[in-house]
Amino acid sequence: DTGSYREVTDTIQKEGAYLAAGWLLNEEEPDRLAVLLVTAQILSRRMQLELREKQGLTYSTGCGLTLLPGGGVAMATIGTRAQNLDIAESGLKTEIGRLISEPPSPDETETAKSRLLGRRARSELSSINEASAAGRDLFMTGVSVPMNERIARVTAEDIASAVARFAIERALLVKLVPGEGKKEESVPPAMRMRMK
C-alpha cells in the first residue's frame with residue numbers, strides 16, 4: 001500500500017487542470033477485492049453528485065479500481081478549470097473523508113453494486129468478451145468464482161470495514177496544471193505504431 005500521503009504537481013499544455021488521488025491496494029483475497037471495487041464505485045458516485053452535479057466544480061470526475069495480480073490501483077480523478085483547482089482539491093479531500101466518516105447505507109451499497117454490475121455486464125455482452133472477463137477474473141484472483149458473484153455478495157458492513165484503505169493520508173495526490181508541460185503527440189496512435 002502507498003501508506004503515506006505524497007503530492008506531485010506537473011504542468012501540461014492544456015487550459016484545464018487535472019487532479020487524481022491514487023491508492024495502491026495490496027489484497028490477495030478475492031472477496032476483499034470485490035469489496036474494494038464497490039467502495040471505489042461508492043466514492044465515484046458521491047464525487048459525481050457533490051462535486052459535479054451540486055457544486056459544478058468539475059467537467060469530469062469519478063473513481064475506479066483497476067485489478068492487478070495481488071491487488072489493485074484505485075484512482076479518484078477530477079478534470080476542472082484551472083481557477084477551480086484548489087476548491088476542487090478541497091472538495092475531493094472532503095468526499096474521501098466523508099467516505100470514512102459516513103460509510104454507505106445498505107441502499108447506497110446496493111445502488112453502487114447495481115451500477116458496477118451493469119457496467120461489467122455491458123462490457124461482457126458477446127461470448128468472447130464474457131470468456132475474456134472470466135479469464136481475467138481467474139488471472140487476477142487465482143480462483144474460478146466470477147468477480148460478479150463476489151460483487152453481488154458485498155454488504156454495507158463490508159464497505160465500512162474497507163473505507164479506511166481509501167484515507168487521504170494513504171494517497172498519492174497528482175495535480176496537472178496548465179503550463180509548459182510536454183507537448184501532446186498529434187499523430188494518431190495507429191500511425192505512431194506503424195511509424196515505429
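Me: What should I know about the model before we start?
Reply: This is a predicted model, where local features need pLDDT of at least 70, side-chain atom pairs count only at pLDDT 80 or more, and totals for chains, interfaces and linings use all residues. Residues are numbered from 1 along each chain as its sequence is written, and side-chain values use heavy atoms, with hydrogens and water left out.

Me: OK, how many salt bridges does the structure hold?
Reply: There are 12, counting a side-chain nitrogen of Lys or Arg within 4 Å of a carboxyl oxygen of Asp or Glu.

Me: Which residue does Lys175 meet in a salt bridge?
Reply: Glu7, at 3.0 Å from N to O. The pair links distant parts of the chain, with Lys175 in strand β5 (residues 172-178) and Glu7 in strand β1 (residues 6-12), 168 residues apart. Strands (E, at least two residues) and helices (H or I, at least four) are DSSP runs, numbered from the N terminus.

Me: Is Lys175 buried or exposed?
Reply: Buried, because its relative accessibility is 11%. Buried means under 20% relative accessible area, exposed over 50%, and partly exposed in between (1.4 Å probe, protein chains only). Glu7 is partly exposed at 39%.
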